[in-house]
Every structure is written in C-alpha cells, then in structure tokens.
Amino acid sequence: MTALVQLTIDKDIAIITINNPPVNALEEIADRYLYALINEGARILEEGYALRASDIDVLYLNGYGFPAHRGGPMWYATMPAASSKCMSECVSFNVSMGRAGNQHRC
C-alpha cells in the first residue's frame, strides 16, 4: 500500500471516529462525569462542608437536577458492586491524566 493511500485511509478513520464515537467511549464519558461528582463529594465530606453523603445527594438531586431514579452519586459509590469499580476507575483516570500521585477516594 502506498503512503498516499494509507494517509487517506487514516484521515477517513479519524473523521469517522470523531463523528461516531464507539459506544464504549460514550459510556466512559458518562462514567468520568459520575466519578468526578463522587470525587468532589468525597472532598466535600473530608473538608467537613457536609455531615453525611446523603446531604450531598440531596444537593445533587434538588439543586443540580441529578436524575432521582439513579439515587445520587454518593449513593452509587456506596453500592458494593460500584465501589470497587469506582475506586479502580478513579485511579486509572487519574493515571491517564498524569495525576497518579493525586488520586482521591471515590
């Protein structure tokens, strides 16, 4: 294959990928938003601005419009299946962003 053909193929693949991200990329984006909310909630609890995780969930549900049927990000973080996934994902996201020594609890 010539270099010109390969370059054209690479450009087409890049355009297709940008306009139609893979399904797992959309899930990853949603996960990153959720884990960012959980991380920030953990900081708020740690700094003493809120007494309980449920206080933070009430704020997200009523103040920011988080979907009530999902229970709130802090509630999600306490679920047994989610908590181990949450922690490993937070660590891997921080590593991928170059903040390996700056992980926070989920």
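Arg52 counts as partly exposed, at 47% relative accessibility. Partly exposed lies between buried, under 20% relative accessible area, and exposed, over 50% (1.4 Å probe, protein chains only). This is a predicted model: local features need pLDDT of at least 70, side-chain atom pairs count only at pLDDT 80 or more, and totals for chains, interfaces and linings use all residues. Residues are numbered from 1 along each chain as its sequence is written, and side-chain values use heavy atoms, with hydrogens and water left out.

**Salt bridges**

Arg52 pairs with Asp55 in a salt bridge. Such a bridge puts a side-chain nitrogen of Lys or Arg within 4 Å of a carboxyl oxygen of Asp or Glu. The count by this rule is 2. The other pair listed here is Glu40 with Arg43.

| Salt bridge | N to O distance |
|---|---|
| Asp55 and Arg52 | 3.0 Å |
| Glu40 and Arg43 | 3.2 Å |

Asp55 is partly exposed, at 28%. Glu40 is also partly exposed, with a relative accessible area of 38%. For Arg43 the value is 27%, again partly exposed. Glu40 and Arg43 are 3 residues apart in helix H2, so about one helical turn separates them. Helices are DSSP runs (H or I, at least four residues), numbered from the N terminus.

**The second largest pocket**

A pocket is an open set of points on a 1 Å grid over the protein atoms alone, where a 1.4 Å probe fits, with protein on both sides within 12 Å along at least five of seven lines. Lining residues have an atom within 4 Å of a point. The second largest pocket has a volume of about 200 Å³, the space filled by probe spheres set on the points.

Which element gives the largest share of its lining? H2 does, with 4 residues. The lining includes Ala30, Asp31, Tyr33 and Leu34. Phe66, Pro67, Arg70 and Trp75 are also among the lining residues. By class, the lining has 8 nonpolar, 1 polar and 2 charged residues. Here Ala, Val, Leu, Ile, Met, Phe, Trp, Tyr, Cys and Pro count as nonpolar, Asp, Glu, Lys and Arg as charged, and the others, Gly among them, as polar.

**A nonpolar patch**

Val5, Ile9 and Ile13 make a nonpolar surface patch of about 220 Å². Patch residues have over 30% relative accessible area and no salt bridge, and nonpolar side chains are joined within 5 Å. Areas come from the Shrake-Rupley method with a 1.4 Å probe. Ile13 lies in helix H1 (residues 3-19). Ile13 is partly exposed, with a relative accessible area of 47%.

Key:
Helices (H or I, at least four residues) and strands (E, at least two) are DSSP runs, numbered from the N terminus. Patches are made of residues with over 30% relative accessible area and no salt bridge: like charges are joined within 9 Å, nonpolar side chains (Val, Leu, Ile, Met, Phe, Trp, Tyr) within 5 Å.
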